[in-house]
Amino acid sequence: MKIFFVFNGKSLKNISLILIAAFFTAWFLYIENLAQIPVFSTKDGPKAVYRGEKDLALTFNIGWGDEKAEPILDTLKKENVKAATFFLAGSWAERHPDIVSRIVKEGYEIGILGYEYKEYRDLEDVKIGQDIRKAQEAFRKLNVKNIKVLRAPTGHFDERALKIANRYGYTFVHWSVDSKDWTNPGIPTIVKNVKKADKGDIVLLHASDSAKQTAKALPLILKEIHQKGLKLISVSELIANGEASSREIK
């Protein structure tokens, strides 16, 4: 039995309009989604590194609190992890000099997480520079030397922030794998989020008090990394060990 479909001109026109509308709706949503992807570099100017070529870098942001940092340092020591990068807010570092000293003594890299928790995209250029200078001074007083890397306090930045950080001699560092530990989604979820990390990735973790599950998730994360045979290094080492990746600001 043969089946025939008959369409009149009006029906075809309506179907065409629906398909065109659907196409442009899908395209709009696609472009909107792209707009949510973090931006990383200017076309010919400073770059914000988000991954490298070799090995793996664990990074920990600390902006406030005094309860979670030391358990994480204890775990890193117990698991014999020799390299990690701690991005510290200058105001936090001033309040916790003993923890800062421990991070340095145990051989971990320190990066700047601004001075205060401020959204760089909302600040005037001069205010961004002031925040970075205040952080510099805080670490100078704590005798922390040779800081090479900087991360935006909120994780968001623009071309202006890249250029200002570059003028102060810092490499802007983002991340390629987000643990989302600050949302406290549960230890299995944090481990799952980091499980996709592979060679060259920069992993974002937190050691602020708001990240209540990170310390317990860390041994499981380290187990996964060891099973993959990945070597843990600092962000600066990752950047130095080959080509670092960045994306262009639009």
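In this predicted model, the largest nonpolar core brings together 56 residues. Those with the most contacts inside this core are F60, L76, F86, L88, W92, F139 and F172. Apart from it sits another core, made up of 12 residues, with A57, L113, W175 and V235 among them.

Once its neighbours within four places in sequence are set aside, W92 is in contact with I62, G63, W64, G65, A69, I99 and V100.

Now for the rings. A pair of aromatic rings is described by two things, the distance of the centres and the angle of the planes. The structure has three aromatic pairs. In one of them, F60 and F86, the ring centres are 5.0 Å apart and the planes meet at 20°, under the 30 degrees cut-off, so this pair counts as stacked. F60 belongs to strand β2 (residues 57–62) and F86 to strand β3 (residues 85–88), so to speak of "distant parts of the chain" here is to speak of 26 residues of separation. F60 counts as buried because its relative accessibility is 0%, and F86, with a relative accessible area of 0%, is buried too.

F86 also pairs up with Y108. Here the centres lie 5.9 Å apart with the planes at 55°, so the pair is tilted. This pair, too, links distant parts of the chain: F86 is in strand β3, while Y108 is in the loop between α4 (97–105) and β4 (109–112), 22 residues apart. Put together, F60, F86 and Y108 make up one aromatic cluster.

Note on methods:
Residues numbered from 1 in each chain as written. Predicted model: local features only at pLDDT ≥ 70, side-chain atom pairs only at ≥ 80, totals over all residues. Heavy atoms only, no water. Core = buried A, V, L, I, M, F, W, Y, C linked by side-chain atoms within 4.5 Å. Buried < 20%, exposed > 50% of the residue type's maximum accessible area, 1.4 Å probe, protein only. Contact = heavy atoms within 4.5 Å. Phe/Tyr/Trp six-rings, centres within 6.5 Å; stacked < 30°, edge-to-face > 60°. Helix = DSSP H or I, 4+ residues; strand = E, 2+ residues; numbered from the N terminus.
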